[in-house]
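Subject: Structure handover

Hello,

Here is the structure I promised to pass on. My notes follow below it.

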Amino acid sequence: MSRIEKLIAAMTLAEKLGQLTMTASGYAVTGPVIAGDSTESIKDGTLGNLLNMVGADHVHEMQRLAVEGSRLGIPLLIGLDIIHGHRTLFPVPLAEVASFDPEAWAVTAREAAMEAAADGLAMTFAPMLDVSRDPRWGRGVEGPGEDPWLGMRLAEAKVRGFQGASLNSPDTLAACAKHFCAYGPVTAGREYAAVDVSERTLHEVHLPPFAAAIASGVAAVMPSFTDLCGIPMTVHVRLLRGWLREKHGFDGVIVSDYNAIGELINHGVAADLVEAATLAMKAGVDIDMMADAYRRGLPTAVERGLVTMAEIDAAVRRVLTLKERLGLFDDPYRRGTTPETPAAITNRRRIARDVAARSIVMLKNDGEALPLPAGLRTIAVTGPLANAPAEMGGPWGAAGNTQEHVSVLAGLRNALPNCDILHAAGVATESTETAEIQPAVELCDRAEAVVLCVGEAANMSGEAASRAGLDLPGQQRIFVEAALARAKELGKKVVVVLFCGRPLVVPWLFDKADAVLAAWFLGSEAGNAIADVLTGRVSPGGRTPIAWPRAVGQIPVFFGERPSGRPANPTDHFTSKYLDIPNDPLFPFGHGLTYGRFTLSNLRVSPDRVTERETIEVHVDVKNEGTRAAQETVFLFTHDRVASVTRPLLELRGFGKITLKPGDTGTVHLRVHATELRFLGVEMTPVFEPGEVEIFVGPSADRTRLLKTSVQLVG
Ligand code: NOJ
């Protein structure tokens, strides 16, 4: 008998339910604390998992209680939301996705895992893979943006990074793909609200990133808080047991979201914790996070014959197997024993700065306002986010020390020691106070260039941070308009650095500012990275992974829309359009400028007739016609012209990068395997249909800038 089977045979029901329970240690509570004090439960073997604990000493202290103080000595599984770093914060996920660099995504996850594991932790509740096309929803900041193909690449990179080569190694974390699934399209962008998406959209948009995570060996999956067409995901038998476990062979741990089993009562599918626990167990949820429903409800459910001991044992087996894979039985203190070297920590900060700089998206740069000209003697750096180190980390700060984050002011002072950098906040991120605006605006008079740092506070995106209006919060618009007007009067250029966990709908600002950088929330090295881009040390290379709307009323606006029978036509009234604004977003998916100026030409594909077994090779020439070296990103989209079901107008199939000096030309090579051109047919099963598939390549999803050719699919 294996170690795990022996343990299961020796366990009481209470001990088994302990292994299926996770409670918060109180370090970073993200919801109501329901399960109470953990210490006694760990000792009596009725609590097997903890979340939200930081510090190797604390982790080891708790581990000792379990291993040395409990009857069976089963080690604890301890996890935390390591979303974009642990102590060193990298850019928030949406920002990092903007770098379009899967290697960087994996590296930051690897670094975060090493840092968190050195702190004793063994699990992260990441990556978040919810495709989001609705910037009102605050949690878009945690995920891949609007596109499922991109979500798949993110899933692979993050799982590889967090879990390393083997979970058994002391510097890895078990990853947890969340939130399964279709959490992004909550009704009207309102957090935790109901979800209604079609079977087609579910399978084409929301499930693929999870399939990629499973194929990459993700250790755990977390169902979302929300329902899907009437069935809360926590009890969704068809998707949890059917799609996840049976169809995709996922045999890892399913951990509920925070109190999600208890919330089944609010959803109205369970009358009490006995029913809630029964439904979740039946659906295959192994660990009850924070509801204490399994410990309180399952004994009665077993007594009543609603749940069998075999079902409970299967869940316990999966949890113990994960602990075994993590090496916790062999050495429960393996994580958190060897402190990290100062060199490792310094190197991590270097990576954080590098990835942060590459995550910045230059949305606008009229008249080459950026980079700032060399030799400036005075710059005004104003706005509520100019000197706000604590805000730079953005939501999900894990164990980051907010005082160690670098502000824009500090970053620019580091970069330009001989420049006089004037500063005043002018206004708070959110307040009604306007008295300080005028003195801050007057700094423009004394400066040669003006940098306005405005946007959302860190806690305005993330969980429970939906917004109905997406303008600058508080009195910031008044401040920005006054500063822009003053600078214009004086003939000075204004650069806006926009901090946000989502696209902000500020067309008025894009209209008037000379240059705008989307800085999202870039983490510990934010200020240095922003200074790198402002001063031209680094050419901005980020591309927005979510369309930037013109108006909130356009949401959701995304490139993968299916065609209309009446496509927009300005001269035909009865076509699919708005009366007041264009259909397209202000900036499409993939938009982002660099300090180079690139032209694309000579798009070619081979072969031009493709069977299902072949790979299409796509090549495009890129020339840097600008005056500075820079990296260009090109995107590859396809469109199936005539199919048995309507196909999205564009489907992302790849992206590539090339760095070119001024005047240089190079070629970007991309590949698409023909199996990727399958789609779900009328019967919702994959089909490969002969016919023409259009191939588009360009610098963004802006159709007017895409080069086009096509291939013939042949049977
Ligand atoms: C609730 C969030 O929805 C989830 O993403 C997170 O992992 C848990 N809280 C634990 O903090």
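Pro371 sits in the loop between strand S11 (361-365) and strand S12 (378-382). The peptide bond that joins Leu370 to Pro371 is cis, with omega at about -5°. Keep in mind that this is a predicted model.

There is another cis peptide bond, between Phe180 and Cys181. Its omega is about -15°. Cys181 belongs to the loop between strand S5 (176-180) and helix H8 (199-206).

One more backbone point concerns Asn52. Its phi is positive, about 65°, although Asn52 is not a glycine. Look for Asn52 in the loop between strand S2 (49-51) and helix H4 (56-69).

Now the overall picture. The protein chain has 20 helices and 26 strands. Its radius of gyration is 26 Å, close to the 27 Å that the globule rule gives for 715 residues, so the chain is as compact as a globular protein of that length. Along the principal axes, the C-alpha atoms fill a box of roughly 80 × 65 × 45 Å.

Next, two helix pairs.

Helix H1 (residues 3-10) packs with helix H14 (residues 309-325). The angle is about 135°, and the axes are 10 Å apart. That angle makes H1 oblique to H14. The crossing is right-handed. On the H1 side, the contact is made by Arg3, Ile4, Glu5, Leu7 and Ile8. H14 supplies Asp313, Val316, Arg317, Leu320, Thr321 and Glu324. By class, the contact of H1 with H14 has five nonpolar, one polar and five charged residues.

Helix H6 (residues 102-117) and helix H15 (residues 342-359) form the other pair, with axes that come within 11 Å and cross at roughly 145°. H6 and H15 cross in the left-handed sense. H6 makes the contact through Ala104, Val107, Thr108, Glu111, Met114 and Glu115. From H15 come Arg348, Ile351, Val355 and Arg358. The contact of H6 with H15 has five nonpolar, one polar and four charged residues.

Then the sheets.

In what order do the strands of the five-stranded open sheet run? The order is S18-S26-S25-S20-S21, and the pairing is mixed. Strand S18 (609-610) and strand S21 (651-660) are at the edges. Each has a single partner strand, so one side of each is left without a neighbour in the sheet. Further in, strand S20 (residues 630-640) pairs with strand S25 (residues 691-698). That pairing is antiparallel and spans six bridges. Phe637 has Phe696 in S25 as its bridge partner.

An open sheet of three strands has the order S17-S19-S22, with antiparallel pairing. Here strand S17 (598-606) and strand S22 (665-673) take the edges. Each of these has a single partner strand, so one of its sides has no neighbour in the sheet. On average, neighbouring strands of this sheet are turned by 20° against each other, direction ignored. S17 and strand S19 (residues 615-624) run antiparallel and are joined by seven bridges. Within S19, Asp621 stands opposite Ser601.

Best wishes

Conventions:
Residues are numbered from 1 along each chain as its sequence is written. This is a predicted model: local features need pLDDT of at least 70, side-chain atom pairs count only at pLDDT 80 or more; totals for chains, interfaces and linings use all residues. Side-chain values use heavy atoms; hydrogens and water are left out. Axes are lines fitted to C-alpha atoms, for helices over the stretch in contact, and angles run from 0 to 180 degrees between N-to-C directions. Helices (H or I, at least four residues) and strands (E, at least two) are DSSP runs, numbered from the N terminus. Angles under 35 degrees count as roughly parallel, over 145 as roughly antiparallel, 65 to 115 as roughly perpendicular and the rest as oblique. A crossing is left-handed if the near helix is turned anticlockwise from the far one by less than a right angle, and right-handed if clockwise. Contact means heavy atoms within 4.5 Å. Ala, Val, Leu, Ile, Met, Phe, Trp, Tyr, Cys and Pro count as nonpolar, Asp, Glu, Lys and Arg as charged, and the others, Gly among them, as polar. Two strands pair if DSSP finds at least two bridges between them. The radius of gyration is taken over C-alpha atoms; the globule rule is 2.2 Å times the number of residues to the power 0.38.
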